[in-house]
Structure formats: structure tokens, C-alpha cells
Amino acid sequence: MVEINTPPTAADLVIQGAREVVTCEPGPHNPLGIISEGVVAVVGGKIMAVGRSDEVRARMDLSGARILDIKGQTLAPGFVDCHTHVVFGGSRAREFSLKMTKSAAQIEAMGIQTGIPASIAMTRAAHEEHILADSLARVQRMFCCGSTTIESKTGYGISVRDEDRLLKINSLLQLRAKADIVSTFTGAHDFPPEIDRNDPAARKRYMDLLINEMIPKAGDEGLAEFCDVYCDDGYYTAEESRVILKAGMDHGLVPRIHTDAYANIGGSTMAAHLPTLTADHLNYTTKAEMALLAENKVIGVVLPALDFAVAHPDPVKAADLIEAGVTIALGTNLNPGNWTESMQLVMQLACRNHGLTLEQAILAATLDAARALGREKRIGSISPGKVADLQVWDITSLEDIIYRLGHNAVTTVIKSGDIFTVPRHTDHLNG
């Protein structure tokens, strides 16, 4: 038999000099799959090899590769921000400031609109180019903080015209942003402010628009990948949510749900039985419902920055969810009432206020957040075959990522093998 020696694959990028490579591929006694002094080889924007230098060199031809020496820094997967409302118009900074000492009722008595209706009004009034420019600036700052994939929900239009505008802005963001944008239709984020939500006939008319016009357009035209609904007291009932999400499924949209944020009206139970891909918020989810979510493999998305921003009276019990067997993901929930762009801050809050360990928080912001977007086979960890979406942290120990509160540790972001330096004191990126 004649043996044919196949030449080793030639890498086009090699990342070396890492103090640690945090692969986020858990192993025995190594929950984050950390490789000390590891090396990563990339071909065509995908990871081809990861390991110690001698292991990678034995498998790959590195002779012609571009070398990125990160000089003792830490290499990690890019963050996956799996829950945001990054597309909106205007600012609720004054409302937020006043809420430090006043109630919503007191603020509205001053003639200042609050909450989601305020953002709907501002978004409807804003020019599309301004919404796009502001949203793109937010996404670029998130990218500088290590987020290479960002989910983007609609939900501040709440009309046929305005929800369509936000979906199209998501499409433009995907074309112009350095991060990948994952579009979610959330036309059931609220009811239109111009109708009486306590009038069953008015509720039905808007639901008919959602089911017969808005959802078919979002799904059939490929403007969204997911359909989401806000199931809570004063918003959509569990049964209304089920009907909306089923309509989304009929048009190819994967179901997700906001539920149990401020009251428990049966949303988690409905989500488990449907089942949805994720259930997000979960402040008032019971332990029995947690077990039901785990049994049906519904991922729990925890939003620590939202709980902090609104001074939630009952912060979500993430440790209880994990104990029940629920896979946990983290998101910034960036929105006009919770302007949070950094997943590092989210991890810090998750550990301090919600009972996560450092290792659990890192996995929840990377691999398990990728699961929350159905992308765990493509992104979320440093593994051969996955996209080379990576970030470099300038830290002296892994614990620094949660220890240095409010500090951006990211010096470099690698997106599909392309290298971007994160400059200090600027929002611009140099390729």
C-alpha cells in the first residue's frame, strides 16, 4: 500500500503569547477549559486548532501565518449578548435620574412620560437615520467591550409601520456593525398606547394585526429569527402569549418569552409546555416552574443589570435556577430604562447580586448565551470548527474580570479572524 502524506493545513492567523486561553469548553476539574500558555490557529475566519504551542505546531503549518502576540494577556471567546433592546429612539435619562428619589406616579404628575410608552413615543417620533446612527454607536461600544454577537429586539414601535422600521434597522445594523446582529420581532412588547388595554375588543384588534400581518411579514421576509412576547401583569396573558408565539412558529420564528419579571401569571409554565427556546427575567418563577423549565430544556436568561437599574424588589435567584438544572445565560438587556453596554458589568452584578460563581458567569456570557440564540455549534467557545470570534483581556488573574468593577479589560477583539484594536478613550475601532 502506498501511503500519501497530506501536508498540514496552513494557518493564516496564529494567536500566541497568552497567559491563559479560556476556551469555555468544560473538562474534568477544569470548568472553563483553560489552557495555560495556549495557542490558537485560524484559517478563513474559523478556529482550526487550539492547544499548547507544540501541539498546534504538530498539526498546522504556521510558517506563513500572521502572528498576533498578546504578550501575557488572556484570550477568551467573544461575548454573546443574548437579550437586548438596542434599537430605540431618544433618551429617558431625566426619568431615570428622577426615579432615584421619586415614584413613576410622581414623575408623571410632573408631565414626564415614563416606561415603555415613553420610549414608544420617542421612537415613533425619531427619524430612521437617527435611530440607526444611535443604535450603531451603541453596538460599536458593545463590540469594544467584547460582545461579538448581539441579539436585537424590536418592541418600541408597537404599530405595523414602526415595528417594520425597527426590523429594517436591524438588517442595516447587520450590514454595518462589526458585531453580528440577531433580529428578534417583539411587537408584543406592549400594547399601543393609543388603545385601551383593558378593552378586550381593542386587545383583540392589535393581536389580529400581530398574528395576521406583522408576524407573517417578519418571518416570511426573513426580517427576524425569533418571536418574543412580554408576558406579565398588565401586558400579555399567558394564553395571549401562547397564541402569539404559536403564530410566530407557523412563520418560522423561534419562540422566546419575557416572563415573571414583576408578577407570576403562568408564563413560565406556558413557556415550558410550548416549549420556548428561552424564558427571560424569571424574578417570580417558582421552584416547581424552574424544574419544569429544566425538564423541557428551556434556557433561563438572567438580566442582572435590569434588576440593578430598576432596584428590583426581588432580584432573580439565579443560583436556584442552576440548582434546579436550568441552563443559565446572561444578557445586558440594554434598553432606554437600563442603558448597559458591557457584559463584563453584567457578569460582575451576576456574581455579586445573583449567586453565580466566576466560572458560571463566564460560561453564561459565552457558550450558554450562544445556546440561548441557537448558535452553540458556531460560536461561544474556542473550539476547532467554530468561528474565530474572540477577545483579549488585559488582566493579571482571571478573577480580575469581575473584580475590577466598571473597567473594560478588553484590548483586542477578533471577529471572524479579523483583528480590531480597542483604543483607549475613544469609540472608534482600528482594523
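1. The structure holds 1 cavity of 30 Å³ or more. By cavity I mean a set of points on a 1 Å grid over the protein atoms alone where a 1.4 Å probe fits but cannot get out. Bear in mind that this is a predicted model, with local features needing pLDDT of at least 70, side-chain atom pairs counting only at pLDDT 80 or more, and totals for chains, interfaces and linings using all residues. Residues are numbered from 1 along each chain as its sequence is written, and side-chain values use heavy atoms, with hydrogens and water left out.

2. What is the volume of the largest cavity? About 60 Å³, a volume being the space filled by probe spheres set on the points, which are joined across faces, edges and corners. Its lining (residues with an atom within 4 Å of a point) consists of V160, E163, D164, L167, F185, E213, M214, K217 and A218. Both α6 (160-176) and α7 (200-220) supply at least two of the lining residues; helices here are DSSP runs of H or I with at least four residues, strands are E runs of at least two, and both are numbered from the N terminus. By class, the cavity lining has 5 nonpolar, no polar and 4 charged residues. The classes are Ala, Val, Leu, Ile, Met, Phe, Trp, Tyr, Cys and Pro as nonpolar, Asp, Glu, Lys and Arg as charged, and the others, Gly among them, as polar.

3. Now the largest pocket, with about 820 Å³ of space. A pocket is an open set with protein on both sides within 12 Å along at least five of seven lines. It has 37 lining residues, and R92, K99, G115, Y262 and V310 are the closest to its centre. Helices α2 (93-98), α3 (104-109), α4 (115-125) and α11 (304-309) each give the pocket lining at least two residues. That lining divides into 17 nonpolar, 12 polar and 8 charged.

4. On the domains: an automatic or database assignment sets the bounds, giving domain 1 (13-78 + 382-421) and domain 2 (79-372). Their C-alpha centres lie 31 Å apart. Across the boundary, 26 residues of domain 1 are in contact (heavy atoms within 4.5 Å) with 21 residues of domain 2.

5. How much area is buried between domain 1 and domain 2? About 1,900 Å², with carbon and sulfur atoms giving 70%; this is the accessible area (1.4 Å probe) that two parts lose on being put together, summed over both. In domain 1, G78, I402 and K415 lose the most area to domain 2, together 26% of what that side buries.

6. Two backbone spots to look at. L274 and P275 are joined by a cis peptide bond, with omega about -15°, and P275 is in the loop between α9 (267-273) and β15 (278-281). C24, in the loop between β3 (20-22) and β4 (34-36), has a positive phi near 60° although C24 is not a glycine.
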